[in-house]
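Reader: Hi! Could you walk me through this one? I'd like the overall picture before the details.

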Amino acid sequence: MDIRANGGIFGILAAQSDGPIRAAPVLIRGMDMRIQLEMHLQQGNHLVADGAMGSMLQDMGLPAGTPPEIWNLEHPEEVASVHRAYVEAGAEVILTNTLGGTRLRLDHLGDLGARVAELNEAGARVARRAADGRAFVAGDVGPIGELMAPLGELQYTDAVNSYSEQARILADSGVDLIWIETMNDLQEAQAAIEGARHATDLPIFCSFSFTRRSRTIMGVTPEQVARTLWPLGLAAVGANCGEGVEHIPGVLQAMKKAQPEAILIAKPNAGIPHLEAGRTVFDLGPDDLAAYAPRFVEAGAQIIGACCGSTPAHISAIAAAIGNQR
Ligand SMILES: [Zn+2]
């Protein structure tokens, strides 16, 4: 069956079901979505992911320095409108606004650790409502923001516990998968995967940020990521954020070579940022970024989206470039 001709996986699901997909009980729906997602990817199909959240919220008035997670409670309509714009643009998987949502990270961001449950629950709720059964909802999990011991103070077990807590809250709030993203440190990513796996049997995606030298800022290589983390039971692995897009095909090829069965993610920034009249601007417009999408696919990527500096227009162009238009 040609999924693309039917407008992606949600076109197929909608066509085959007698009613709205989300009419099924949540628990069964959760299991079902998991099987659907894994089958879709294992059959070699593509999935369009969303783009930036933080910069979109800043355009709507989120003050710089305010943790975006706060807006899940205080401005849910604004967060929902970003999610909806990405779904309308063709995103088949959207990430909750919970990148900084571990208790340890929230504590750094503004003494918010005690609110870990309500902020993550609200993030999942807003995203699920906006997706409305037309996109998978990924519970977004990001770096704690501290160096792991012995370089820094963060102990491995504390990291595992913090990641496990966030993943459990997101899973209990009905997300379809856990997406650990923007990672730099192999050990921290291992802690995140271990924590998430301890909390839930939902599929886990994990993506790292690479510089143009195809290393993370901690010196981790794509080969190390794929070889070390894929055997932990990931559903997808790859690259997000990072320094531009030129290095992304090479990063994907290196991962594929190290771990041929790996299902790969490409979710790069909209190029390189620069300052224009005091404002951060990324140098690739929607068509410029989308022009790379076929190269990501050629290099093995099955999940393709965008990160910092991207907008729904970028996602729409990417969806068109890989034939997954809504
Ligand atoms: Zn980014």
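Predicted model: local features only at pLDDT ≥ 70, side-chain atom pairs only at ≥ 80, totals over all residues.

Reader: What about contacts between residues 24 or more positions apart?

Author: Those make up 76% of the contacts with a separation of 6 or more in the protein chain.

Reader: Nice. Let's go inside: how many residues has the largest nonpolar core?

Author: That core has 106 residues, and Ile180, Val237 and Ile318 are the ones with the most contacts inside it. Helix α7, residues 116-131, gives the most to this core, contributing eight residues.

Reader: Which residues does Ile180 touch?

Author: Leaving out residues up to four places away in sequence, Ile180 touches Val141, Ala189, Ala192 and Ile193, along with Ala196, Ile204, Phe205 and Cys206. Two of the strands turn up again here: β3 covers 136-141, and β5 covers 204-208.

Reader: Changing topic: where is the cis peptide bond?

Author: A cis peptide bond joins Ala149 and Pro150, with omega at about 10°. Pro150 sits in the loop that runs between β3 and α8, the latter being residues 156-172.

Reader: I was also looking at Asp111. What is its phi?

Author: Phi of Asp111 is near 60°, which is a positive value in a residue other than glycine. Asp111 lies in the loop between α6 (103-110) and α7.

Reader: Is Asp111 buried or exposed?

Author: Exposed: Asp111 has 9 other C-beta atoms within 10 Å, and the cut-off for exposed is 12 or fewer.

Reader: Okay, and what about phi of Ser214?

Author: Phi of Ser214 is near 60°, again a positive value in a residue other than glycine. Ser214 is found in the loop between β5 and α10, where α10 spans 222-229.

Reader: Why does Ser214 count as partly exposed?

Author: Because Ser214 has 18 C-beta neighbours inside 10 Å, while a residue needs 20 or more to be buried and 12 or fewer to be exposed.

Definitions and conventions. Residues numbered from 1 in each chain as written. Core = buried A, V, L, I, M, F, W, Y, C linked by C-beta atoms within 7 Å. Helix = DSSP H or I, 4+ residues; strand = E, 2+ residues; numbered from the N terminus. Contact = placed C-beta atoms within 7 Å.
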